[in-house]
Amino acid sequence: MEKSPSRWWDLPSAALFMLSILVSVWRLTITGWTDNLGYIINLAAAAAIVGLALGASRFKKRGVRWLAMGYTLVFLPRQLIAFYDNDIYLGERLASVGGRLLVSIGEFAANQPVKDPLFFIALIGTLYWFIALIPGYQLARHNNTLAAILPAGLAMLVIHQFDRGETDRIYLIAIYFFVALTLLGRGKYLRDRAGWNQRGVHLAPENGSDLNMGTLVGAAALIL
């Protein structure tokens with residue numbers, strides 16, 4: 001891990017964060033609430049990678065905001081136009097997506113049923129984009145593990161609550177909690193290690209492995 005006053009980066013933490021996002025969005029896709037929910041997996045995975053990359057980069061906050069906005073304006077429409085054949089002109093695909101969303105928003109505002117699945121994909125896809133993008137940045141830039149796990153975890157619990165009658169899928173909740181607790185433990189170890197290094201405390205290489213294994217065992221025990 002490399003640490004500076006404003007940046008943290010740790011590959012195991014990044015991998016755990018990515019896994020937590022995928023588990024959370026997988027809980028959504030297996031609901032079968034509408035077609036093409038798999039597109040949201042692509043958005044969430046891309047957002048997590050972008051967030052981690054921006055957090056680990058040397059860009060300051062202002063630059064990060066502009067880059068995040070640019071990636072958002074590119075990835076979200078790109079994923080929505082994937083519903084159409086690539087042979088169709090890009091402008092026509094964008095216009096069609098915009099028209100369908102405007103009609104759906106009008107129906108929603110008029111308290112009428114929204115029949116177009118694109119509206120749900122766009123709404124939830126945007127939500128998961130920011131659920132993965134901002135926490136990924138917080139994790140890589142500030143080692144804020146709590147901010148990294150809470151949004152996706154809360155979204156997953158809400159989805160599970162509305163997916164009634166599917167209590168057998170609670171194992172995904174358990175997997176998420178295991179990953180989240182492991183990430184919390186990893187983050188605390190990294191903060192402690194940084195403090196030990198600043199104070200000149202010697203830490204044997206095997207101690208890190210022992211602490212990580214203890215975190216895994218403790219998380220598994222809590223879940224069970």
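In the predicted model, Ser20 is in contact with Tyr176 and Val179 once neighbours within four places in sequence are set aside. Ser20 belongs to helix H1, which spans residues 11-29. With a relative accessibility of 1%, Ser20 counts as buried, because the cut-off for that class is under 20% relative accessible area. The side chain of Ser20 also reaches the backbone oxygen of Phe17, at a distance of 2.6 Å.

Leu16 is a further residue of helix H1. Its relative accessible area is 18%, and Leu16 is therefore classed as buried, the limit being under 20%. Not counting residues up to four places away in sequence, Leu16 touches Val179, Thr182 and Leu183. Leu16 and Arg186 are 170 residues apart along the chain, and their C-alpha atoms are separated by 9.4 Å.

Helix H1 packs with helix H6 at an angle of about 15°, the two axes lying 9 Å apart. H1 and H6 are therefore roughly parallel, since angles under 35 degrees fall in that class. The crossing of these two helices is left-handed. On the H1 side, the contact is formed by Phe17, Ile21, Val23, Ser24, Arg27 and Leu28, which meet Ala148, Ala152, Met156, Ile159 and His160 of H6. By class, the contact of H1 with H6 comprises 8 nonpolar, 2 polar and 1 charged residues. Phe17, whose backbone oxygen is reached by the side chain of Ser20, is among the H1 residues of this contact.

Ala148, one of the H6 residues that meet H1, is located in a helix covering residues 145-162. A relative accessibility of 0% places Ala148 in the buried class. Leaving out residues up to four places away in sequence, Ala148 touches Phe17, Pro135, Leu139 and Leu183.

Two packed helices are described by the angle between their axes and the distance between the axes. Helix H2 (residues 38-56) and helix H5 (residues 117-142) pack at about 25°, with an axis separation of 7 Å. H2 is therefore roughly parallel to H5. The crossing in which H2 passes H5 is right-handed. H2 contributes Ile40, Leu43, Ala44, Ala46, Ala47, Ala48, Val50, Gly51, Leu52, Leu54, Gly55 and Ala56 to the contact, and H5 contributes Ile121, Ile124, Gly125, Tyr128, Trp129, Ala132, Leu133, Gly136, Tyr137, Leu139, Ala140 and Arg141. These residues divide into 19 nonpolar, 4 polar and 1 charged. Leu139, which Ala148 touches, is among the H5 residues in contact with H2.

For H4 and H5, the packing angle is about 90° and the axes are 9 Å apart. The two helices are therefore roughly perpendicular to each other, as angles of 65 to 115 degrees are assigned to that class. The contact involves Val97, Arg100, Leu101, Ser104, Ile105 and Phe108 of H4 together with Leu118, Phe119 and Ala122 of H5. Its residues divide into 7 nonpolar, 1 polar and 1 charged.

At 3% relative accessibility, Asn143 counts as buried.

Over the protein chain, 8 helices and 2 strands are assigned. Along the sequence they follow the pattern β-β-α-α-α-α-α-α-α-α. Of the 224 residues in the chain, 40% are buried. Among contacts between residues at least 6 apart in sequence, 69% join residues at least 24 apart.

Note on methods: Residues are numbered from 1 along each chain as its sequence is written. This is a predicted model: local features need pLDDT of at least 70, side-chain atom pairs count only at pLDDT 80 or more; totals for chains, interfaces and linings use all residues. Side-chain values use heavy atoms; hydrogens and water are left out. Helices (H or I, at least four residues) and strands (E, at least two) are DSSP runs, numbered from the N terminus. Buried means under 20% relative accessible area, exposed over 50%, partly exposed in between (1.4 Å probe, protein chains only). A polar contact is a pair of N or O atoms within 3.5 Å; within protein, one must be able to donate a hydrogen and the other to accept it, and residues adjacent in sequence count only if both atoms are side-chain atoms. Contact means heavy atoms within 4.5 Å. Axes are lines fitted to C-alpha atoms, for helices over the stretch in contact, and angles run from 0 to 180 degrees between N-to-C directions. Angles under 35 degrees count as roughly parallel, over 145 as roughly antiparallel, 65 to 115 as roughly perpendicular and the rest as oblique. A crossing is left-handed if the near helix is turned anticlockwise from the far one by less than a right angle, and right-handed if clockwise. Ala, Val, Leu, Ile, Met, Phe, Trp, Tyr, Cys and Pro count as nonpolar, Asp, Glu, Lys and Arg as charged, and the others, Gly among them, as polar.
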